[in-house]
Amino acid sequence: MAIPLKVIGLAVLACLAIPWSSVAQSGGAYDFNRKPLKQDTYVQLPLGSIKAKGWLLKQLEQQRDGATGHAEALYPEDGNLGKGSDWLGGSEPGWERVPYYLKGLVALAYTLDDAGLKAKAQKYIDWTLNSQQTNGLFGPAKMKDWWPRMPMMYALQSYFEATGDKRVVPFLQKYLKYELAHLDGDPLKDWGKSRAGDNMEIALWVYNKTGDADLLKLVEKLKQQAYPWIDIYTKNQFYYYGDDFQPKHMVNVAQALKFPVIYGQLNDKPTNLQAMGAGIRHIMRDHGQPQGLGSGTEFLAGRSSIQGVETCSVVEWMQSLETAGRVIHEAHIGDQLEQVAFNALPAQFSRDFKNHSYYTLPNQVLSIHGGHGFNQDYGTGIISSPYSGFPCCRYNMHMGWPYFVKNSVMATPEQGLAMLSYGPMEVNAVVAGGENLKLAIETAYPFEEKIRMKFSLNKPVSFPLVLRIPSWSVNPEVKYNGQLLSGIQAGKMFTVAQTWKADDVLELNFPMEVRTKHQVNNAVSVERGPLVFALDMKAKNQITKTHAVQGFNDYEILPETSWNYALVLVLPSRLAMPKYCDLLWLITLLLPQMRP
């Protein structure tokens, strides 16, 4: 049965409750792509420019009060987030764990403007910036691995955009030039070879800050040494590498989805810019899940209702779409992002964000210890715990919601803004060559159809506002100060280019209809707008372990109400449909006929 997205736990969806770099740089408010890079690319607003409100703010606050805010207490070992970590000058290898954690922590801290979280992040930031050797290498001296430095660079990028710390850009530039000089002798391998797109994205960002042409040479070298992701996505070659599991490892696949569009800024051949879309089509056809991404436990696992999705895959898939939305200005990218963010992401966590599940399944009627037949099986893989499954997701998961917020609205080269995704928030941005704008976005979306945007400006200003019109919307409308605008099409980007003034109001109405989507084994999933419906079940939480940090426990979750339902779908009569459609369709949702 592909109706619910996650029978136990996804009902959480129903209860989701001007920074430094706004100063003009390089002749404008933001650093857009320098030549020879693709010139129409949007850029992120600096971290802290977008403040979440309403239910979206509640997600961030629960994260602060839950797993993110308590991470260092939950994982205090020196090899994890303890004081003896080599990312703080100690002797125990923290490898990817500290950089993963810091990447999400910095984004959360400055989105919430939370002093406590900022302090937690600062010790890692300062140690890292002070660790750079004269040749440019940074981080733990004994760590001979390119990969963990990639998420650390994302953390430093966010920190710089929020604070303007003048140490960061020269630091990154020096390290990237070290890479260029040493990659031939120490080429990418394993995780670094899979995830080189992350490194390439930071290199382009630093190039746009500095104009250092050596960084474009680095991007080419990284592309040459990485897995050939453009071909892999275009030709569906995930399983063409024999015993090499990297190209079929779902986290790598999700993380590298942005690789083609990152490289496409340097070489904008259609094959580069189209490869991500081709890859997603292959993945969704062969491995797709109702919540909008492919299965992976941990390798690509087919279109099965009892194969799972890993938490790392969810947040990496989201970041890839967020990056792609800046390069490819097509509405379906935001549609896909919202479906994953509003359905897959919350399904991975307990309502209070204290626990996560390493894997979640479309049809998950039990959350218990033991093996489940996955290609990478863990005894705690589907239980709700701060320690569920392999110890990667517990560090990487923290970027999910903060990155969604900070990528929702982008700056355009035309000195305007573009909307990638929607939710309740307040945006502070610089438009029209230096004018400050506060944009209040008032909505409960995706739990309602209407979005109201109120403009606060010091004087009338002309700039374009690019709106994503969701492909699922039925007769969408946009009104400016009550006047209906023409030319709105579902599934398209719509630009409102005019002179805006204080107290202008833009009203968006995206009508949603309930619809079904065909899934594996003649099943269907049920959707409304960007949301995927789940069966509301009564569940029993059974504590199996209590941890030293107060309020954190492991749970097994058992159903206390029936879950094995089928749907009867009735088509319209032949008054509206041809005779061959005048049918009653009984969709039997193929489940073991058993009761808990």
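Let's start with helix α4, residues 115–130: its 16 residues reach 22 Å from the first C-alpha to the last, close to the 22 Å expected at 1.5 Å a residue. (That expected span is 1.5 Å times one less than the number of residues; helices are DSSP runs of H or I with at least four residues, strands are E runs of at least two, and both are numbered from the N terminus.)

Keep in mind that this is a predicted model, where local features need pLDDT of at least 70 and side-chain atom pairs count only at pLDDT 80 or more, while totals for chains, interfaces and linings use all residues. Residues are numbered from 1 along each chain as its sequence is written, and side-chain values use heavy atoms, leaving out hydrogens and water.

Back to α4. Asp-114 caps its N-terminal end, with a side-chain oxygen 3.1 Å from the backbone nitrogen of Gly-116. Further along there's a kink of about 30°, centred on Ala-121 (the bend is the angle between axes fitted to the seven residues ending there and the seven starting there).

Ala-121 is also buried, as are Leu-117, Tyr-124, Ile-125, Thr-128 and Leu-129. Buried means under 20% relative accessible area, exposed over 50%, and partly exposed in between, using a 1.4 Å probe and protein chains only. The buried residues of α4 pack against these helices, with contact meaning heavy atoms within 4.5 Å:

| Helix | Residues |
|---|---|
| α1 | 54–65 |
| α2 | 71–74 |
| α3 | 97–112 |
| α5 | 149–163 |
| α6 | 168–182 |

Zooming out, the protein has 17 helices and 21 strands. Its C-alpha trace spans about 70 × 60 × 45 Å along the principal axes, and buried residues make up 61% of the 596 residues.

Definitions and conventions: Polar contact = N/O pair within 3.5 Å; in protein donor to acceptor, adjacent residues only side chain to side chain.
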